[in-house]
Amino acid sequence: MAVRAIRGAVQLERDEAGHMDEQVGALLTAILERNQIVPDDLISVWFTATPDLHSDFPAAAARGLGIVDVPLICAQELDITGAMPRVVRILAHVETYLSKAEISHVYLGATGALRKDIAQ
């Protein structure tokens, strides 16, 4: 079994706690499902949010999904002129039998444009 990193992102329509919880929960669920990962396979998860998001911690969505014994951390993305607004990104470290080439990085909606090279 190897340790792998899985990337993902989602753009929110608005800065509202319930909406963030829903969208980040959907992103995290998609990452788990597409990579055949169960919560016990998670080592840690980094969440970042663009500076225009203030309504909640993105990691709260993971706790809402029952992921309660995995280290989670939230950070703020760099404030870059012209960057896509209202984006939450995830970097999950997991134990898996998947090779690097088999990992499915998940970019929902418009965020697919952020990493056209790895978005699936």
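Which residue in β4 is the bridge partner of Gln11? It is Val87, and the points below build up the fold around that pair.

1. **What you are looking at.** This is a predicted model, in which local features need pLDDT of at least 70 and side-chain atom pairs count only at pLDDT 80 or more, while totals for chains, interfaces and linings use all residues. Residues are numbered from 1 along each chain as its sequence is written, and side-chain values use heavy atoms, with hydrogens and water left out.

2. **The sheet.** Start with the open sheet of 5 strands, whose order is β3-β2-β4-β1-β5 with mixed pairing. At its edges stand β3 (72-76) and β5 (106-107), each with a single partner strand, so one side of each has no neighbour in the sheet. A word on terms: strands (E, at least two residues) and helices (H or I, at least four) are DSSP runs numbered from the N terminus, and two strands pair if DSSP finds at least two bridges between them.

3. **β1 beside β4.** Strand β1 covers residues 2-11 and strand β4 covers residues 87-96; they pair in the antiparallel sense over 10 bridges. Besides the pair in the opening question, you can look for Gly8, whose bridge partner in β4 is Ile90.

4. **β2 and its two partners.** With β4, β2 pairs in the antiparallel sense over 7 bridges, and Trp46 has Leu91 of β4 as its bridge partner. With β3, β2 pairs in the parallel sense over 5 bridges. On that side, Thr48 stands opposite Ala75 in β3.

5. **A crossover to trace.** Follow the chain through β2, helix α2 (residues 59-64) and β3, and you have a right-handed β-α-β unit. Right-handed here means that, with the strands pointing away from the viewer, the path from the first strand over the helix to the second runs clockwise.

6. **Helix α1.** This helix (residues 17-34) lies across β1, β2 (42-49), β4 and β5, at about 145 degrees to β1. Such angles run from 0 to 180 degrees between N-to-C directions, with axes fitted to C-alpha atoms, for helices over the stretch in contact. Its 18 residues reach 25 Å from first C-alpha to last, close to the 26 Å expected at 1.5 Å a residue; the expected span is 1.5 Å times one less than the number of residues.

7. **The buried side of α1.** Among the buried residues of α1 are His19, Met20, Val24, Leu28 and Leu32. Buried means under 20% relative accessible area, exposed means over 50%, and partly exposed lies in between (1.4 Å probe, protein chains only). The buried residues of α1 pack against β1, β2, α2, β4 and β5.

8. **The core.** The largest nonpolar core has 29 residues, and Leu42, Val45, Phe47, Ile67, Leu72, Val88 and Ile90 touch the most other members. From α1 comes the largest share, 7 residues. Such a core is a set of buried Ala, Val, Leu, Ile, Met, Phe, Trp, Tyr and Cys residues joined through side-chain atoms within 4.5 Å. Not counting residues up to four places away in sequence, Ile67 touches Leu28, Leu32, Pro39, Leu42, Ala62 and Leu72; contact means heavy atoms within 4.5 Å.

9. Is Arg89 buried or exposed? Arg89 is buried, with a relative accessible area of 17%, and its place is in strand β4. This strand is largely enclosed by the rest of the structure, because 7 of its 10 residues are buried. Arg89 and Val24 are 65 residues apart in sequence but 8.7 Å apart in space, C-alpha to C-alpha. Val3, in strand β1, counts as exposed at 54% relative accessibility. Not counting residues up to four places away in sequence, Val3 touches Ile43 and Val94.

10. **Two backbone angles to check.** Gln36 has a positive phi of about 50 degrees although it is not a glycine. You will find Gln36 in the loop between α1 and β2, where it counts as exposed at 69% relative accessibility. Arg86 is also a residue other than glycine with a positive phi, near 55 degrees. Arg86 sits in the loop between β3 and β4 and counts as partly exposed, at 26% relative accessibility.
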